[in-house]
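Please read the following walk through a structure with the coordinates open beside the text.

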Amino acid sequence: MTNEQKLYEHTLALLKERGVSVEAIGDLVMFLQAKFIPGLTLETATANVLIVLHKREVQNAVMTGIALDKAAEARALDDPLQSIIAEDEGLYGVDEILAFAIVNVYGSIGFTNYGYIDRVKPGILAKLNAHEPGIIHTFLDDIVGAIAAAAASRLAHSHPELEDDIY
Ligand code: MG
């Protein structure tokens, strides 16, 4: 296995370990794009998620965000950062900044998609935002929303004739 393949497999394994399947991210892509692309299937949506997950900057954001969530779960961070991440404080904002590294990959249309999905929180995003005791997904919810937004943007760019209304 090449180093690139190893990083890709590691990224998929990390997401799975944290309870996020690629199909669940594919569902978010369907939520964003099904109304704009007639006949879009979950299979195509999920295939675009996998393409996004091959990008090195995406893998770096996933690894970094999940590492911080896990460190906070293990109470391994110093206060006040420990409490800020554990309590998912609204004014922290670094989780969103990290997610922008992912959204950025396919241009500015990704920001619209990300803002929308982050507000509505459909599917797996609601689960990640449940703030169950002992489980910390302060970074992961933004990362997953951003991966879906990037995959949706990639799809939009491959069907430019269908996207006039969202530019
Ligand atoms: Mg967050």
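K121 and D118 are joined by a salt bridge in which the closest N and O atoms are 3.1 Å apart, the term being used for a side-chain nitrogen of Lys or Arg within 4 Å of a carboxyl oxygen of Asp or Glu. K121 counts as partly exposed at 26% relative accessibility, and D118 counts as partly exposed at 23%, where buried means under 20% relative accessible area, exposed means over 50%, and partly exposed lies in between (1.4 Å probe, protein chains only). This is a predicted model, in which local features need pLDDT of at least 70 and side-chain atom pairs count only at pLDDT 80 or more, while totals for chains, interfaces and linings use all residues. Residues are numbered from 1 along each chain as its sequence is written, and side-chain values use heavy atoms, with hydrogens and water left out.

A search of the whole structure finds three salt bridges. In another of them the side chains of E17 and K70 meet, at 2.7 Å from N to O. This pair links distant parts of the chain, with E17 in helix α1 and K70 in helix α4, 53 residues apart; helices here are DSSP runs (H or I, at least four residues), as strands are (E, at least two), numbered from the N terminus. K70 is partly exposed, at 32% relative accessibility. A further salt bridge is formed by E73 with R18, and its closest N and O atoms are 2.8 Å apart. Here too distant parts of the chain are linked, since E73 lies in helix α4 and R18 in the loop between α1 and α2, 55 residues apart. E73 is partly exposed, with a relative accessible area of 29%, whereas R18 is buried, with a relative accessible area of 12%.

K121 also takes part in the surroundings of N129: leaving aside neighbours within four places in sequence, N129 is in contact with D88, K121 and D141, contact meaning heavy atoms within 4.5 Å. N129 is located in the loop between α8 and α9 and counts as buried, at 18% relative accessibility.

D141 leads on to the metal site. The protein donors of the magnesium ion are D95 (OD), T138 (O), D141 (OD) and D142 (OD), and they lie 2.1 to 2.6 Å from the ion; donors are N, O and S atoms within 2.8 Å of the metal (3.2 Å for Na, K and Ca), and because water is not among the atoms, sites may look incomplete. Along the chain these donors follow the spacing D-x42-T-x2-D-D. D95 lies in helix α6 and T138 in the loop between α8 and α9, so this pair ties together parts that are 43 residues apart in sequence. Both D95 and T138 are buried.

Which residues touch the most other members of the largest nonpolar core? In this core of 49 residues they are V144 and I147, a nonpolar core being a set of buried Ala, Val, Leu, Ile, Met, Phe, Trp, Tyr and Cys residues joined through side-chain atoms within 4.5 Å. The helices that each supply at least two residues of this core include α1 (3-17), α4 (56-73) and α9 (140-158), and α9 gives the most, with eleven residues. Not counting residues up to four places away in sequence, I147 touches I25, V49, V52, L53, V58, V62 and I102. Helix α9 is mostly covered, with 16 of its 19 residues buried.

The aromatic rings complete the picture. Rings of Phe, Tyr and Trp (its six-membered ring) pair if their centres lie within 6.5 Å, and planes under 30 degrees apart count as stacked, over 60 as edge-to-face and the rest as tilted. By this rule the count comes to four aromatic pairs. One of them, Y92 with F139, is edge-to-face, at 5.9 Å centre to centre and 85 degrees between the planes. Y92 lies in the loop between α5 (81-86) and α6 and F139 in the loop between α8 and α9, so the pair ties together parts that are 47 residues apart in sequence. F139 counts as buried, at 1% relative accessibility. The rings of F100 and Y114 have their centres 5.9 Å apart and their planes at 80 degrees, so this pair is edge-to-face. F100 lies in helix α6 and Y114 in helix α7, 14 residues apart; F100 is partly exposed, with a relative accessible area of 30%, while Y114 is buried, at 5%. F100, F111 and Y114 form one aromatic cluster.
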